[in-house]
Amino acid sequence: MRPYNILIWGYGRKYNESINVIKYQELLGTIRVVGIIDRKETYTKLDGYPVLRLSDINKVKFDYVIVTSENFFDEICAKAISLGVERNRIVPIRVFLLPGFNFRKYVELLKSKVSIIANLCWGGGDIPYARNGILISIY
């Protein structure tokens, strides 16, 4: 199975904090970074990856965009969407920081159309609620 082609958006503080988890996913063979994009055009290469201009986003073949900024995530999503990137192909870097994270499994989860994921999901448990003043439990 081929690795997913990844475009990284942003090379600020969060990129520097996260580069090791990105490299780890490359070592696992789940991703291949095809470039880095940022509104700043300071570099031509960074950590061995080509740094691209925003105008080049449609010239490179990628499966997903990894946004490394948490503070500007919404603005970056809006800009990426305005440049033709579908929202379901934009992923926040914070998922890479989850213990045991595997990008291939994450993509499977994204494609499965799961509606609720929660740390405190009580699926199948005893969930009481009131209906017409009567306490009912769901099993």
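Figure 1. Of the 139 residues of the protein, 38% count as buried, where buried means under 20% relative accessible area, exposed means over 50% and partly exposed lies in between, with a 1.4 Å probe and protein chains only. This is a predicted model, in which local features need pLDDT of at least 70 and side-chain atom pairs count only at pLDDT 80 or more, while totals for chains, interfaces and linings use all residues. Residues are numbered from 1 along each chain as its sequence is written, and side-chain values use heavy atoms, with hydrogens and water left out. The protein has 3 helices and 8 strands, taken as DSSP runs numbered from the N terminus (helices: H or I, at least four residues; strands: E, at least two). From the N terminus on, these elements follow the order β-α-β-β-β-β-α-β-α-β-β.

Figure 2. In helix 3, which spans residues 103-111, the buried residues are Phe 103, Arg 104, Tyr 106 and Val 107. Seen down the helix axis, these buried residues fall within an arc of 160°, so they line one face of helix 3; the arc is that of the directions from the helix axis to the C-beta atoms. On the other side of helix 3, Lys 105 and Glu 108 are exposed. The cover over the buried residues of helix 3 includes strand 1 (4-9), helix 1, strand 2 (31-37), strand 5 (64-67) and strand 6 (90-92).

**Figure 3. The ends of helix 3.** At the N-terminal end, Asn 102 caps helix 3, with a side-chain oxygen that lies 2.9 Å from the backbone nitrogen of Arg 104. Helix 3 is followed by Lys 113, which has a positive phi, near 60°.

**Figure 4. Cys 77 in helix 2.** Cys 77 has its place in helix 2, residues 73-82, and counts as buried because its relative accessibility is 6%. Leaving aside residues up to four places away in sequence, Cys 77 touches Arg 87 and Ile 90, a contact being heavy atoms within 4.5 Å. The C-alpha atoms of Cys 77 and Arg 87, which are 10 residues apart along the chain, are separated by 7.2 Å.

**Figure 5. Leu 28 and a nonpolar surface patch.** Leu 28 belongs to helix 1, residues 13-28, and is partly exposed, with a relative accessible area of 41%. Together with Tyr 24 and Leu 27, Leu 28 makes a nonpolar surface patch of about 360 Å²; such patches are made of residues with over 30% relative accessible area and no salt bridge, nonpolar side chains (Val, Leu, Ile, Met, Phe, Trp, Tyr) being joined within 5 Å and like charges within 9 Å. A salt bridge is a side-chain nitrogen of Lys or Arg within 4 Å of a carboxyl oxygen of Asp or Glu.

How values were computed:
Accessible areas come from the Shrake-Rupley method with a 1.4 Å probe; for residues, only the protein chains shown count as cover. A polar contact is a pair of N or O atoms within 3.5 Å; within protein, one must be able to donate a hydrogen and the other to accept it, and residues adjacent in sequence count only if both atoms are side-chain atoms.
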